[in-house]
Amino acid sequence: MSSPELQQSHTTDDLGHFVKRWMRNPLAMGALAPSGKSLAKLMAKDVGASSRVLELGAGTGTVTEALLANGVAPANLYLVEREQQFIKILERRFPHCHIVAADALELVISGLPLLCFSPDKRQRVLRQALQLLKPHGRLHQFTYAGRCPIDRDTRADLHVETVLLGIAALNLPPAFVYRFTRRALR
């Protein structure tokens, strides 16, 4: 469980930094506001206390907070973020988590925002993410579109099963959370 000494709350400055960054480059952000708590809970769904988690595009830490609330130990939580201001926020809020200051695409996979990428980049991200996962590993991905962010042909080529975990209807904008897993080859 998370505790006050392990994390701090968002400040009004956190939202201000998000909005400023969005105004500079909306497509790089992929959202006009930080993820809401309902979306964060869906992203953390089925992630148990013994999990080791790599969170890509950690932003201001809303999903991080939900993962910690699920019992993920801060020492088992790796937060990847490229925006310097968000890195400072994450360091302040989650001093016991591992924070990696880097672009997720350079680290192999990306959690945000897949539909802003070309189809080739989306396929590359999914392929590389699947290579990192253990046989029963899962990739959770959210999208603001009402459809899966990875097309059917790509999922078939990569032997990927997709499950819609849920819809965060109260998020701004509403978000759909998908789980991707590799199908066992016969």
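**Basis of the entries.** I note that the model is predicted, that local features need pLDDT of at least 70 and side-chain atom pairs pLDDT 80 or more, while totals for chains, interfaces and linings use all residues. I number residues from 1 along each chain as its sequence is written, and side-chain values use heavy atoms, with hydrogens and water left out.

**T143.** I placed T143 in strand 4, residues 139–143. Helices (H or I, at least four residues) and strands (E, at least two) are DSSP runs, numbered from the N terminus. T143 has a relative accessible area of 6% and is therefore buried. I use buried for under 20% relative accessible area, exposed for over 50%, and partly exposed for in between, with a 1.4 Å probe and protein chains only. Leaving out residues up to four places away in sequence, I listed L115, P149, P174, A175, F176 and Y178 as touching T143; contact means heavy atoms within 4.5 Å.

**Whole protein.** I counted seven helices and six strands, in the order α-α-α-β-α-β-α-β-α-β-α-β-β along the sequence. Of the 186 residues, 44% are buried. I recorded an accessible surface of about 10200 Å², with 55% belonging to carbon and sulfur atoms; areas come from the Shrake-Rupley method with a 1.4 Å probe, and for residues only the protein chains shown count as cover. Among contacts between residues at least 6 apart in sequence, 62% join residues at least 24 apart.

How many bridges join strand 1 to strand 2? I found four, with strand 1 (residues 53–56) and strand 2 running parallel; two strands pair if DSSP finds at least two bridges between them. L54 stands opposite Y78 in strand 2. The chain passes from strand 1 through helix 4 (residues 62–69) to strand 2 in a right-handed β-α-β crossover. I call a crossover right-handed if, with the strands pointing away from the viewer, the path from the first strand over the helix to the second runs clockwise.

Strand 2 also pairs with strand 3 (residues 98–101), in the parallel sense and over four bridges. Here Y78 stands opposite H98. Strand 2, helix 5 and strand 3 form a right-handed β-α-β unit. Why is strand 2 largely enclosed by the rest of the structure? I noted that four of the five residues of strand 2 (residues 77–81) are buried.

**Helix 4.** I found T62, V63, T64, A66, L67 and L68 buried in helix 4. Because six of its eight residues are buried, helix 4 is largely enclosed by the rest of the structure. Its buried residues have a cover that includes helix 3, strand 1, strand 2 and helix 5. Just after helix 4, G71 takes a positive phi of about 100 degrees.

**Helix 5.** In helix 5 (residues 84–93), I listed F86, I87, I89, L90 and R93 as buried. They lie on the same side of helix 5, because they cover an arc of only 160 degrees around the axis; the arc is that of the directions from the helix axis to the C-beta atoms. As background, an α-helix has 3.6 residues a turn, so residues three or four places apart point the same way.

**Loops and backbone.** Most residues other than glycine have a negative phi, and most peptide bonds are trans. I then looked up D46, which is not a glycine and has a positive phi of about 70 degrees. D46 sits in the loop between helix 3 and strand 1 and is partly exposed, at 43% relative accessible area.

S50 lies in the loop between helix 3 (37–43) and strand 1. Is S50 buried or exposed? I found S50 exposed, with a relative accessible area of 73%. From S50 to N76 I noted 8.3 Å, C-alpha to C-alpha, at a separation of 26 residues in sequence.

H159, also not a glycine, has a positive phi of about 55 degrees. H159 is in the loop between helix 7 (152–157) and strand 5 and counts as partly exposed at 32% relative accessibility.

P173 is in the loop between strand 5 (160–168) and strand 6 (175–182).
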